[in-house]
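Student: Could we go through this structure together? I would like to discuss its charged pairs and its surface.

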Amino acid sequence: MVRNCTPTFVFTVKSNDVDSRVTKGSQLVNHFGKARNFTTKAGLIQNLRQLHWYNSMDPDKMYPRSYKLDEPEDRDAFLDDYRVTSCISFVRYFVQKSEELLVVEKGVKEEKKPDRELLRCYYQPITKPQMLSDISINTQCERFLEEKIHQDIDLATLPCLSTSQWNQFLAAYYQFVHEDGNISPMDPDMIEKCKELLTRIRDVCPQYIVDGTKNAWIVKPGAKSRGRGIQCLDKLESIHSLMECADGCMVVQKYIEQPFLVYNTKFDIRQWFLVTDWNPLTIWFYKHCYLRFCSQEFTLDNMHSSIHLSNNAIQKHFMPAGFRCDKLPDDNMWTSDQFVDHLRRKGLDSEWFELTVPGMKQAIISTLLCTQEFIETRKSAFELYGADFMMTDDMQPWLLEVNSSPSMSQSTRATEKLVDMVLEDTVKVVLDRRDDKQANTGCFEMIYRQSYINDPLPTDPGLTIHGRRVAKPHQRHR
């Protein structure tokens, strides 16, 4: 009955099923062309670096620093980042361990029953040949600070380490931080100096809260979804090995080492948002989202996927650990309402509404603004996207990636409840509101509507630069 009719509403999972060159203007379709500029990991990295031209938001305050490993400049930048982060992580580790030793020593003195075996274990001295001096480590941290506040432009920079020195330092770093090596007690004055150094770094580094002591990173294929090909790694040689055998573009993103945990378990947030127009840019934010938990308790001593990758496509292959809190669901998902109830019991529900949710909205708006010029601005179109966020332990949200055609599988109790709601409300926005601007839009709220942007004047295709070759001066032979 309808095979010869022109459809007026086209809804498909794959964006490639829609060819904007042959669809008519009256046909409403659920995809925009060229959205890969922000729905792929590589595209998102590239465009967020241009955010300062479009928005006052600093991408370092919403997006963990990331690099494209197929580009030489990015590889060099990642190498520098990894090395400096290792130095800062080393200082953090020594401060933490030294304070723990002081607590142990104080406790032993108070009991007046010194456990010599325990103290010998804790106070085992550092093997000097296997690590650099404290001055060298602090020098690299000071050099990082110089670059952050741009003092390196006019002043002589502090000396940088050679490749062999960096390799020597990383070997010592792995020995102590990754293998939990024992350290000798540090002088209290030195601890205070290190604390002061870390305070200065925290003041100029928005992602200080993201880092920890392990210097862990996530390596991902640049354009795949559902967690395919993702690995969590914490050693430089492992990242290089994966990069060399990779097929296609790979990106590396700083792992959030201090995440907000629920019953000592890591999770991420899937947040839906809807775009109904790219000029003027119109964004709708869904008031409900859901959490995806890992099946194992969080630890940085083990980089297994079941502990760190909360994507349902990965976690469905693992059974929840027997020692994980039984208050977490077996299907590893919560609705945002369940999460808010949990926060309310901890007295943190106000932070969710005043910090986390506004932060997610701002991150989405900023991401779309810096990619707007690359998207096909077809009027009779809309698209539902899924943004993935994580929270640091201060409840600040961090955007991980944006997905086109987000999964609408009703595989858990949480999605069974929310998926039907979001699809029905999407129809309310794109169809009901099309005829009636006062129509009910369900749980979607418009968070951004831009003023119309006039198309820029086309450049003259004949514009050229004319010049002539400057001859090299003739040198007279003597």
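Tutor: What follows concerns salt bridges and a nonpolar patch in this predicted model.

Student: How many salt bridges are there?

Tutor: The count comes to 22 salt bridges. One of them joins Asp301 and Lys214, with 3.3 Å from N to O.

Student: Why does that pair tie together parts that are apart in sequence?

Tutor: Asp301 lies in the loop between β8 (281-293) and α9 (305-308), while Lys214 lies in the loop between α7 (188-204) and β4 (217-221), so the pair links parts 87 residues apart in sequence.

Student: Is Lys214 buried or exposed?

Tutor: Lys214 is buried, because its relative accessible area of 9% falls under the 20% cut-off. Asp301 is exposed, with a relative accessible area of 66%.

Student: And what about Lys428 and Asp425?

Tutor: Those two form a salt bridge whose closest N and O atoms are 3.5 Å apart. Lys428 and Asp425 are 3 residues apart in helix α13, so about one helical turn separates them. Lys428 is buried at 18% relative accessible area, and Asp425 is buried at 6%.

Student: Which residues do salt bridges that share partners join into one network?

Tutor: That network consists of Arg65, Asp81, Asp211, Lys254 and Glu257.

Student: Changing topic, which residues form the nonpolar patch on the surface?

Tutor: Phe9, Phe11, Leu423, Val427 and Leu431 form the patch, and together they have about 390 Å² of accessible area. Helix α13 (residues 413-435) provides the largest share, 3 residues.

Student: Where is Phe9 found?

Tutor: Phe9 is in strand β1 (residues 9-10). Phe9 is partly exposed, with a relative accessible area of 33%.

Notes
Residues numbered from 1 in each chain as written. Predicted model: local features only at pLDDT ≥ 70, side-chain atom pairs only at ≥ 80, totals over all residues. Heavy atoms only, no water. Patch = residues over 30% accessible without salt bridge, like charges linked within 9 Å, V, L, I, M, F, W, Y side chains within 5 Å. Areas by Shrake-Rupley, 256 points an atom, 1.4 Å probe, with all protein chains shown as cover. Salt bridge = Lys/Arg side-chain N within 4 Å of Asp/Glu carboxyl O. Helix = DSSP H or I, 4+ residues; strand = E, 2+ residues; numbered from the N terminus. Buried < 20%, exposed > 50% of the residue type's maximum accessible area, 1.4 Å probe, protein only.
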